[in-house]
Amino acid sequence: MSPKRRILVTSALPYANGPIHLGHTLEAVQTDIWVRFHKLRGHECLYVCADDTHGTPIMLKAQADGLSPERLIAQVHVEHARDLADMLIGLDNFGSTHDAENGAICARMYRGLDAAGYIVKRTIRQAYDLKANMFLPDRYVKGTCPNCGAPDQYGDSCEVCGATYSPVDLKNPVSAISGTAPVERDSEHYFFRLSAFEDRLKSWIKSGAVQQSVAHKLDEWFSQGLKDWDISRDAPYFGFEIPGAPGKYFYVWFDAPIGYLASFAQLCARTALRFEDFFAADSSVELHHFIGKDILYFHALFWPAVLEGAGMRRPTGVHAHGFLTINGQKMSKSRGTFITTRRYLESFPPEYLRYYYAAKLGPGIDDLDLNLEEFATRLNSDIVGKLVNIASRCAGFIGKTAGGRLADALPEPELFAAFAAAAGTIAAAYEGRDYAAAVREIMALADRANQYIDQRKPWLLAKQAERASEVQGVCTQGLNLFRTLMIYLKPVLPAMAAKAEHFFQEPDWTWEHAAAPRLGAPIRPYEPLALRLDPAAVARLVEPAAAAAPAAPANSATPAAAAPVSIDEFMRIDLRIAKILAAEFVEGADKLLKLRVDVGDLGERDVFAGIRAAYTPADLVGRLTVVVANLAARKMRFGVSQGMVLAAGPGGRDVFLLSPDAGAAPGMRVK
RNA sequence: GGUGAGGUAGCUCAGCUGGUUAGAGCGUGGCACUCAUAAUGCCGAGGUCGAGGGUUCGAGUCCCUCUCUCACCA
């Protein structure tokens, strides 16, 4: 065993404008397994994270929800903390980038950067929304691409031709916030001189801080030349004001990674840990960041440079992972594949997903697909059929024929030794974040354990009373093989391991426990450690979430990028002209109206629509509109909704039902 | 467009520095067993390792070209 290491680990900060979904969970699980593994090995390993709470999207979402930003992020923080905890993510601290500690550290680091000459001021021209009285981030300006003429493109790049530009280059630009045409205005911004760090960053990357393929990726950026980084934003902005610069705020991406430090500072404040030990320039403590590959730029260039510029240590490792896809497709709300962690947890234990992720996670930045069918068969086969089965098929004999006591010796110590000898390769796989390799190795051993039991056939021996001690021996062997495997899997399956510890009457297994068998000790009666998954229940995860309102829930706060669809995909949506025959208020629902609509050939049906604030039943009866006719029926508290009426607008009173021109008749297909 | 990753049995993947008839799990066909949450064990079917060319005594493994997929681009 290596000498005791001191390690601080982070995973990326979830943004506080939405729930934790399975993509966040993938990263949290990857990080948590790594942390638990090191703890199991006896190292001092700490894991901190925080909510990322600043920036324009949060500010606008809070406005739209009629809340203060502080209130919004406080609510989200509670949900995020609960979701992560319920996934058994063992965070030592979960803070917020809006916490006072973060403001203080940001200010301190900024002063350090400024004093060292790494901050420069420069005036830039930027799009300004005269109606909303604010400068517009690139993503909040839309218009026609100056390069290829594609309409409706964002202010930073064109999704059609790939050109990049600044919002002021767009033709016919429009503010996504007010809908008015923005003007250009000058503003003084503060820049971090990233270019000054090129050599130091290159040597840092050479130190092995990032994966090989990531290093290649970074080379590309180096070869283009590092640009200085704009770290300021003008008021109104939800964030921290820059010291000595009234009306100027730190850009959200400046204070977000500093949130790692702030969260750790909170941990220090309530323990004996010393912040300086971890972040002084000469710190020997390891610092590891787990992130998605999309934010490599911030973590592998800006972040080490900012730390270094502020006179602090650099990260030991930045580990990027790929994205989660579901049934082979990007997570998408419209496909029903946007699965929140809460929704998963309502039906399934956290460890099933943890195991599945572990079984498929390699050290690279490949995407990982959650195939729901495979998820169910894999869990049932690996965990229930193989692993837990070892204990399940042995425990009964120990109870019945051996008085609940393990034998004093193993009949085949060399088989146990083979299991114990795997510790090295399994540990190396965990350390290198190749959990899939670790799981493969463990499951291969589980196969061997089942083979062993099959060969020795304790159920036959048990029929001969004089061979009782043989039965006890075989089952002691089997249980010890199981025990070693559970110890190896403890980072992935902490709760199941705890149950197994209870079964063996041992407290807190460490990695070393796997090396020696448990002998001559009593065990508790066996209780099932894992239940089978019902594939049908798993499949239901991708059915439409029950939470969203039925009428087009246009959330105007964030201009969401609609991914392109093929004509075939579009044609799968059966849009029909419908005539509203009747409309009524729904008892107990303050947003819904119940509509009876005539869809021609398709007959009449009931549709619930969240348009009560905008329309009264009298407004609607007799008019024509458009419905999605093949939307899966959804059971609501008030009845079953058999479709969706189409409407535009941000919601509330500003909802506008679609109407066809004269001549359209109920049942006509819209295409 | 640039860059990165990847295309190996129906599915998910492993194949280290090139070397015997290309592997695993799941699924599938058959047999056995009945201790175990219809779990387990054994046997089998199933692959021209994306395509083409090259280097080599020998290439899934190295080089080149092409092709397809996925991802990222301050």
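A polar contact is a pair of N or O atoms within 3.5 Å, where, within protein, one must be able to donate a hydrogen and the other to accept it, and residues adjacent in sequence count only if both atoms are side-chain atoms. This is a predicted model in which local features need pLDDT of at least 70 and side-chain atom pairs count only at pLDDT 80 or more, while totals for chains, interfaces and linings use all residues. Side-chain values use heavy atoms, with hydrogens and water left out, and residues are numbered from 1 along each chain as its sequence is written.

**Thr340**
- The side chain of Thr340 reaches the backbone nitrogen of Arg343 at 3.1 Å.
- Thr340 counts as buried at 18% relative accessibility, buried meaning under 20% relative accessible area with a 1.4 Å probe and protein chains only.
- Leaving aside residues up to four places away in sequence, Thr340 touches Pro19, Ile20, His21 and Leu22, contact meaning heavy atoms within 4.5 Å.

**Helices α13 and α17**
- The axes of α13 (residues 413-421) and α17 (residues 468-489) come within 10 Å and cross at roughly 5°, the axes being lines fitted to C-alpha atoms over the stretch in contact, with angles from 0 to 180 degrees between N-to-C directions.
- α13 and α17 are therefore roughly parallel to each other, a term for angles under 35 degrees.
- Among the residues making this contact are Phe416 and Phe419 of α13 and Leu481 and Leu485 of α17.

**Sheet β7-β6-β8**
- Three strands form an open sheet in the order β7-β6-β8 with antiparallel pairing, pairing requiring that DSSP finds at least two bridges between two strands.
- Strand β6 (residues 141-144) pairs with β7 over 2 bridges, and Gly143 stands opposite Gln153 in β7.

Note on methods:
Chains lettered and ligands numbered in written order. Buried < 20%, exposed > 50% of the residue type's maximum accessible area, 1.4 Å probe, protein only. Helix = DSSP H or I, 4+ residues; strand = E, 2+ residues; numbered from the N terminus. Parallel < 35°, antiparallel > 145°, perpendicular 65-115°, else oblique.
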